[in-house]
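Please read the following report alongside the sequence and the model.

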Amino acid sequence: MTPIVEWPAWAVLLIAYVFLQRIAELAIAQRNTRALIKEGAHEFGRKGYRLFIALHSAWLISIVIFAVPNPRPDLLLLLLFALTQALRYWALFTLGRYWTTRLISSPNFPRIRKGPYRFFPHPNYLVVVAEIALVPLIMNEETVAIVFTFLNAALLVWRIRMENRVLGHRRAD
């Protein structure tokens, strides 16, 4: 364990980016959720949502506690991380006002099948799977990558099943 104040600047910037990105996503998701609910949408899987918040919080805290970043990052892993972020923003912008971290839906909303959704049914989950492994690996913390990849997979299996059922009632885009 190396205190964060002793981390190389690149590592502090990476963790700060991930933290701020998560905070911004929650703010956008909350705004979109409120608007969608006003339009008659309903939330599904509310209890499970807390598990995602807990998992992502524990993941980030574990990285900060256990990581011992190398002075120079693995550039290939950083490139893969950058590519995941490009996919994340592509998915987010494609969904636009329908994007949220919660499972909010209405049969009146369209089923989006453009952008990355032409290629993957759940591109943002692909991003999260990659990110949960990549960030700790970039920070030289393999155990956190392995443990949280398995925990996240368990939650995603449940969430994707529920989301597929809910989205199955939407009209085609």
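Leaving out residues up to four places away in sequence, Ser 62 touches Ala 67, Val 144 and Phe 148, where contact means heavy atoms within 4.5 Å. Ser 62 has its place in helix H2 (residues 46-66), helices being DSSP runs of H or I with at least four residues and strands runs of E with at least two, numbered from the N terminus. Ser 62 is buried, with a relative accessible area of 12%; buried means under 20%, exposed over 50% and partly exposed in between, with a 1.4 Å probe and protein chains only.

This is a predicted model, in which local features need pLDDT of at least 70 and side-chain atom pairs count only at pLDDT 80 or more, while totals for chains, interfaces and linings use all residues. Residues are numbered from 1 along each chain as its sequence is written, and side-chain values use heavy atoms, with hydrogens and water left out.

Ile 63, apart from its neighbours within four places in sequence, is in contact with Trp 7, Ile 15, Val 135, Pro 136, Met 139 and Val 144. A nonpolar core is a set of buried Ala, Val, Leu, Ile, Met, Phe, Trp, Tyr and Cys residues joined through side-chain atoms within 4.5 Å. In the largest such core, which has 25 residues, Leu 14, Trp 59, Ile 63, Val 135 and Met 139 touch the most other members. Helices H1 (9-38), H2, H3 (75-95), H4 (123-138) and H5 each give two or more residues to this core, and the largest share, six residues, comes from H4. A second, separate core of 12 residues includes Leu 36, Ala 91, Tyr 98 and Phe 109.

A search of the whole structure finds one cavity of 30 Å³ or more, a cavity being a set of points on a 1 Å grid over the protein atoms alone where a 1.4 Å probe fits but cannot get out, with lining residues having an atom within 4 Å of a point. The largest cavity holds about 40 Å³ of space, and H5 supplies the largest share of its lining, three residues.

The table gathers values for the protein chain.

| Property | Value |
|---|---|
| Secondary structure | five helices and four strands |
| Span of the C-alpha trace along the principal axes | about 50 × 30 × 25 Å |
| Buried share of the 173 residues | 45% |

Read along the sequence, the protein chain follows the pattern α-β-α-α-β-β-α-α-β. Among contacts between residues at least 6 apart in sequence, 88% join residues at least 24 apart.

How values were computed
1 Å grid on protein atoms, 1.4 Å probe; cavity = no way out; pocket = protein on both sides within 12 Å on 5 of 7 lines; lining within 4 Å. Points joined across faces, edges and corners; volume = space filled by probe spheres on them.
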